[in-house]
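Here's a quick briefing to read with the model open beside you. It goes from the overall picture to a few spots worth a look.

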Amino acid sequence: MSKPLKIFFMVLISILGIGGLISWYAVSSINTGALTKFLSSTVKDATGRDLTISGPVSLTFFPSIGLKAEQVSLSNAQWASDSQMLSLKQVELDIKLLPLFAKRVEISSISANGLVLHLQSNKAGQDNWDLSPPSIVPSGPADSVNAKNSGSTNALTSTAATAKTPNTATTDTSSGESNFVAITSIHMSDARISYQGVGNAVQLITVPQFSLEGGGSKTTVLLDLQYENYKLGLRGKTSALRQALIDWDQSPVNMKLDFNLSLNGKALDITGQIDKNPKQLPQFDLKMSSKSFDLIPLAAAAAASASTNAKKPVTPKKSEAKYFFSDQPLPFDLIPEASGKVTINIAELNVPDQAPFKNLQASLLFKGDILELNSMSFDLGKGQAQAQGVISQFNSASPLLSMKGMAKGFTLEQIIASTNSNAKVSGGNTQLAFNLSGRGKSLHQMAASSNGALQISINNATLDSKLLNKGGDFVITVLDAVNPMRKKTNNTILECAVAYLPLTNGMIPLKNSVGVETDRLDVALSGNVNLNTEVINIKIDPQEKSGITTGIDLGGLVQLVGTLQNPQVGVSKEGVVNSAVSIGLGFLTGGISIAAENAKSPASKRQSCTAALHSWTSIYPGSN
């Protein structure tokens with residue numbers, strides 16, 4: 001969807017170029033039939049495409065030179081699906097009079113109705129909107145002879161063409177840049193833009209209306225755009241765009257912005273200013289504010305685009321992904337190298353599959369190849385969260401990401417209740433703190449080089465088995481290893497769960513740093529996780545609080561191995577030996593010595609959560 005939007009304005013320049021040729025010829029001939037033929041042949045020579053004007057062409061000369069053409073079309077690339085790349089029901093141009101005496105075409109306004117634009121790319125990497133002139137390469141001696149024999153004719157033709165359109169180079173050069181900066185008003189209605197990538201379905205954007213109206217020192221902007229069932233609108237004004245384009249990188253520019261962006265009826269105000277000095281990065285100070293804004297339509301539109309592009313449904317297999325943390329490159333190239341600040345203040349922000357964020361405040365600072373997120377805070381349910389982060393050297397081969405933050409006061413019940421999950425959860429006071437950094441182009445590279453610490457704790461919750469089963473292969477494997485009997489119950493009463501994860505160059509050592517206590521079990525995890533290879537080696541030590549084991553592995557016998565992507569349950573040889581020495585080999589044959597071993601546990605009751613919990617302020621200063 002982004003490609004056709006980028007090309008939308010390129011099309012305007014193309015229309016202006018065509019209009020420039022029309023208007024230049026108009027002042028030297030009133031014969032509209034000759035005008036149509038001249039224009040078509042000129043476009044054919046320049047682009048290899050056929051320009052057709054099947055409707056009437058009319059000219060007016062007062063109070064300005066005006067031109068109107070109907071049923072205008074431009075042929076497509078030979079390999080494209082549609083025969084026409086562009087068609088217009090009607091186009092009207094107003095041409096400035098005085099620049100014509102200097103053999104220069106400047107269009108003051110343009111109006112277009114019924115634009116239909118088909119954009120397409122092919123496997124060879126060609127785009128049908130590439131209007132480069134066709135290259136003619138001699139294929140043999142005959143062509144060379146013909147070229148020699150027709151040399152004088154070609155020279156005469158070239159001279160005639162030059163005489164007919166004096167200073168053609170100047171006109172062509174200015175048809176894009178000069179025409180665009182000369183324009184003060186653009187009006188477009190009933191536009192349809194489609195784009196089809198290689199092997200993908202067609203994506204369609206409709207633009208009911210689009211206008212730029214210049215007047216004095218202001219430019220008024222109006223845009224209505226629709227994709228699928230999602231409507232985007234932009235209303236507002238800015239400093240004169242025409243003058244800003246003329247002065248850009250030539251003299252200081254100061255632009256003030258005052259816009260209202262709407263997305264399916266929810267509005268976001270955008271205000272601020274942009275300062276540009278010659279040969280320097282633009283400086284900007286923008287503010288975005290809203291009482292209620294909704295990102296769900298954008299996410300839904302992206303999902304619709306992804307599903308439309310899919311040739312056929314594909315069921316992903318676990319083996320298709322090499323790592324749990326994706327090794328696909330992150331879109332660092334989309335971060336602009338700029339200098340400025342964006343301040344965000346949204347009372348309620350709705351996001352997919354999540355409770356709405358309340359009182360969202362954030363500040364983004366752009367410092368060349370450094371992007372800082374300062375003082376982001378929001379409320380979630382009855383809880384609060386805050387975070388900071390820095391992405392630096394994002395143009396390098398190994399960007400650096402550092403982030404820290406904390407969240408507290410919210411519950412699992414509040415979060416799950418606000419999603420579409422059918423699982424039932426009650427309680428679950430939750431607290432989180434993190435301070436992490438890593439380098440790389442992908443999540444996997446960053447995880448493999450990560451340093452810092454993360455801690456999360458959950459207390460007093462009743463968890464529906466449906467929720468636990470949605471935790472993914474790793475979580476389900478751990479749960480099954482800890483408590484093989486859990487599938488026979490509908491819920492789990494969680495008294496506490498604490499995970500403290502210190503990271504050093506992608507290594508996570510676990511030594512009494514993960515503990516879980518339910519109404520029946522006290523579970524401790526130990527071992528290590530290598531985020532570079534994603535190999536796991538974790539010993540699970542569950543103890544029955546009652547002192548009687550019923551189908552649950554003895555402490556130290558269960559070991560989690562494999563990788564984060566494909567975890568497996570194994571048996572700890574060390575645990576087997578220790579248990580055999582302690583209680584004899586009776587446990588291997590179902591002897592009663594199992595009960596005798598477990599009878600010791602009430603006397604030496606441990607507290608795994610207390611042992612795992614570290615100081616919150618050691619991870620994120622200010623948390624408690």
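**The big picture**

The protein's accessible surface comes to about 32,600 Å², and 57% of that belongs to carbon and sulfur atoms (areas by the Shrake-Rupley method with a 1.4 Å probe; for residues, only the protein chains shown count as cover). Keep in mind that this is a predicted model: local features need pLDDT of at least 70, side-chain atom pairs count only at pLDDT 80 or more, and totals for chains, interfaces and linings use all residues. Residues are numbered from 1 along each chain as its sequence is written, and side-chain values use heavy atoms, with hydrogens and water left out.

**Overall make-up**

- You'll find 15 helices and 27 strands in the protein (DSSP runs numbered from the N terminus: helices are H or I with at least four residues, strands are E with at least two).
- Out of 624 residues, 40% count as buried (under 20% relative accessible area; exposed is over 50% and partly exposed is in between, with a 1.4 Å probe and protein chains only).
- Take the contacts between residues at least 6 apart in sequence: 56% of them join residues at least 24 apart (contact means heavy atoms within 4.5 Å).

**The disulfide**

- The structure holds one disulfide (a pair of cysteine sulfur atoms within 2.5 Å).
- Cys496 and Cys609 are the partners, with 2.0 Å from S to S.
- Distant parts of the chain get linked here: Cys496 sits in strand S22 (residues 491-503) and Cys609 in helix H15 (residues 608-612), 113 residues apart.
- The link of Cys496 and Cys609 is right-handed, with 100 degrees about the S-S bond.
- Cys496 is buried at 8% relative accessible area, and Cys609 is buried too, at 7%.

**Gln71**

- Look for Gln71 in strand S3 (residues 65-75), where Gln71 is partly exposed at 43% relative accessibility.
- Ser87 is 16 residues from Gln71 in sequence, and their C-alpha atoms are 7.1 Å apart.
- Setting aside neighbours within four places in sequence, Gln71 is in contact with Thr52, Ile53, Ser54, Gly55, Leu88 and Lys89.

**Asp294**

- Asp294 belongs to strand S14 (residues 293-294).
- Asp294 is buried but has no salt bridge (a side-chain nitrogen of Lys or Arg within 4 Å of a carboxyl oxygen of Asp or Glu).
- The nearest side chain of opposite charge to Asp294 is Lys266, 4.3 Å away (Lys and Arg count as positive, Asp and Glu as negative; His and the chain ends are not counted).
- Not counting residues up to four places away in sequence, Asp294 touches Leu263, Lys266 and Asn350.
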